[in-house]
Amino acid sequence: AQDSCAHQCGELLASCSCQATCQSLGTCCPDYKEFCLQISPYSGSLMGGKDFLINNTAVNASSRVKCRFKQQIITSGYVAKDGKAHCISPLLYETGFIPLEVSTDSGTTFPYSGTWLSVHHSKVSDEEKCTLVNETKWQYYGTPNTGGNLSLTWTHQTLEATHVNIEVWGYHETGDSYSENWMAEWKYLYTLARKIPNTGKYSFIPVPAKGNYGTWDFGILRIIPSNSSDGESNILSIWSSEHALAWHLEQDFRNDSNAWATAKCIEWDRKEELLPNFKEEIIDCPCTLAQARADTGRFHTDYGCDIEKGSVCTYHPGAVHCVRAIQASPQYGAGQQCCYDSTGTQILTHDSTGGSTPDRGHDWGSPPFLRPPRIPGFSHWLYDVISFYYCCLWSDNCPFYMKRRPSSDCRTYRPPRAASAFGDPHFLTFDGLNFTFNGLGEYTLVESDLTSLRVQGRTQQAHFPNGTGAQGTGLSAVAMQENNSDVIEVRYSEDLNLEVLLNQRVLSFSEQSWMDLKGLFLYSTPDQNITVMFSSGSGVEIRRSGGFLTLTILLPEKFMNHTQGLFGVMNGNPEDDYTFKNKTIMSVHASPQQVFEFGATWAIENGTSLFTYDTEFLLNSFFYGEKHNASFLPVFSPYEDPADPLVEEMVSLCDSDPFCRFDVLTTRSLQVGKSTRLSHQNHKLLVEHLEPDMSLFLVISCGWLDHPTNGRKNGTNYLLGSTINFTCNHGYELTGSQERTCQVSGAWSGDTPYC
């Protein structure tokens, strides 16, 4: 039919729309809700087996429901007693939004469509998994002093069956490393327990697995209804967390776990010797904890060691916080990890087992996923975690592991540059120029020819309860894209909530706060601070602040001389930040009126706009209206009237902050002034953390120093100004330098000491 959304979701038809924006615009085709699927829950583990409901789709008791993912993987759905259709998610070797189609005629046609969000196995809630009670015991079972029985628990309501089977699955990768035939596979091994009552609890005394199953050392448990076939794929199920299968390993492991693990560790070490060196292409670590936490475009908290959650750092004794590089390395898909002690100094494996270790497989996997070494979570387990069990946890051979996974220091690390906009919009450019631009419209904040990065901002007039407040504007929406990535827009909705749109569709963070999207990662904190991390390493942070948005953009050094827009040309020189589109430059001493004219030239056009116009108001004001509203004239320099009762309060609130004073006077709101002052302070702090010594623009590291043979060293700080002292053991004499200091040149003073 001409005006039907069957097979047409996301399309604009001649007489009506099947696009997500049609609901707020009132332009939907009559059957939009039936064919363009709304599902709940909308996300689940990439391991699959999760039941989700399909809302609004017409089915009857005789409908045969089939669900097709990525046009190729088909799972059987069903119609529940209440007449609603359900699907079961499949095992996928990737994360992110997966195209979903539904058939009600047993797979002849698939007219209904939507998306399913596949997430990293460690990011699903504990309720969805079965719990290995005392997981450490499972993973050390058979080593000295670890035995007895093991138990697991699960939410029995998830499976409607009266009896269940518990299966053991193993993960392996076949073929030659880094070749075309390298493949990943989860494989059903055997059934651990059959037809046990579905009570949500099971205990047993493990025995070594039969046959060669006892050689599979990394895997997972699956609970399924007992009327299913063994290893049947893509059926309703509950998975455990992935873990080291110590508890089922062969008898040789139980007889002498240290010898068994030592042999495995040495075998791993030999294999590593033949593999390419991934360490040369991973990003170096930030030098300080402050830098690591500020560089949010490229590094994110490692949940295994988080200062916000009390620094429980099991694998990194002595550390208070670790971060992981967000992007996997280009060729090998490798990951970086960086750990810091309580003084904010990086901990290196050369000095301590608490040091950070880089990863041959990035824990989060990396696009295009599907094949090693890019499988989320599991490739990493195989190369970097199970080997840690062999060498460090099940035997005393940790030096083997640390030799292959030494910490990277920070010698080549360069902090990103930051630019911010906030309040009644005040702009602080990458090079440190600051100005106020109060235009009303949609503008290019930054664009770069390096990666086709575009960040656009929309301003709207401020309306505050105690006055019209129409003399100023503020950021109300920011939209962004890099190369051909997904488009993200963050905006205030009409009821002043923060909304995040992915390709024009409003996203829900009710189930997942982290999303792997096309060309970017997206993260939302509980209080709705939004971070977008593009694959180039550029980061955009947006938070709400006093009725406006506060925006910070972080760009790595490679963007030097490759930016234009309201945030200027990033090159370390503020003098050319007022560069027009036609490349002419205006003096930094321009008047507020001239700055206003400069800003107006950066208005965008409908053809290049990334914004979503899904209400009458947005269409009339910004799509059909002017991109820069020339009839709106702001207050350029608000007058401080000594008789104004607000001025006294303003002075005590703002002190000497000019932006804070400006905003109180133009909006007549102390709350806005307070938010502006905070945003301004946050920006200064961010720049200070990223570039502790502005004159040098970077933290200097001279690199690790070893102790002399037959001697000792004191100190593990290798940054500018640090001194390391050396002493010899009893009966030895020192030649060379007794102390060496890290110099501005990045070299140590003095000579190598010998005993």
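**Figure 1. Contacts across the protein chain in a predicted model.** Take the contacts in the protein chain with a separation of 6 or more: residues 24 or more positions apart account for 60% of them. The chain holds 13 helices and 37 strands. Of its 755 residues, 55% are buried. The C-alpha trace spans about 90 × 85 × 50 Å along its principal axes. A compact globule with 755 residues would have a radius of gyration near 27 Å, and the 29 Å of this chain agrees with that.

**Figure 2. The surface and charges of the protein chain.** The accessible surface comes to about 32,200 Å². Carbon and sulfur atoms supply 50% of that surface. The side chains include 54 positive and 83 negative ones. The centres of these two sets lie 6 Å apart.

**Figure 3. An open sheet of four strands.** The order is S1-S3-S7-S6, with antiparallel pairing. Strand S1 (38-40) and strand S6 (78-79) stand at the edges. Each has a single partner strand, so one side of each is left without a neighbour in the sheet. Strand S7 (residues 85-88) is joined to S6 by two bridges, and the two run antiparallel. Look for Tyr-78: its bridge partner in S7 is His-86. Strands of a sheet pair through backbone hydrogen bonds, either parallel or antiparallel.

**Figure 4. Ser-366, a buried loop residue.** Ser-366 lies in the loop between strand S20 (337-340) and helix H7 (378-393). Its relative accessibility is 4%, so Ser-366 counts as buried; the cut-off for buried is under 20%. Set aside the neighbours within four places in sequence, and Ser-366 is in contact with Ala-328, Gly-333 and Arg-374. Gln-481 is 115 residues away from Ser-366 in sequence. In space, the two are 19 Å apart, C-alpha to C-alpha.

**Figure 5. Strand S34, covered on both faces.** S34 takes in residues 548-555, and eight of its eight residues are buried. One side carries Phe-548, Thr-550, Thr-552 and Leu-554.

**Figure 6. The partners of S34, S21 and S33.** Strand S21 (residues 417-422) is joined to S34 by five bridges, and they run antiparallel. Here Ala-419 has Ile-553 of S34 as its bridge partner. Strand S33 (residues 539-545) is joined to S34 by seven bridges, again antiparallel. Glu-541 is paired in this way with Thr-552 of S34. S33 and S34 form a hairpin, with two residues between them. In the turn, Gly-546 has a positive phi of about 60 degrees.

Notes. Residues are numbered from 1 along each chain as its sequence is written. This is a predicted model: local features need pLDDT of at least 70, side-chain atom pairs count only at pLDDT 80 or more; totals for chains, interfaces and linings use all residues. Side-chain values use heavy atoms; hydrogens and water are left out. Two strands pair if DSSP finds at least two bridges between them. The radius of gyration is taken over C-alpha atoms; the globule rule is 2.2 Å times the number of residues to the power 0.38. Buried means under 20% relative accessible area, exposed over 50%, partly exposed in between (1.4 Å probe, protein chains only). Contact means heavy atoms within 4.5 Å. Accessible areas come from the Shrake-Rupley method with a 1.4 Å probe; for residues, only the protein chains shown count as cover. Lys and Arg count as positive and Asp and Glu as negative; His and the chain ends are not counted. The place of a charge is taken as NZ of Lys, CZ of Arg, CG of Asp or CD of Glu.
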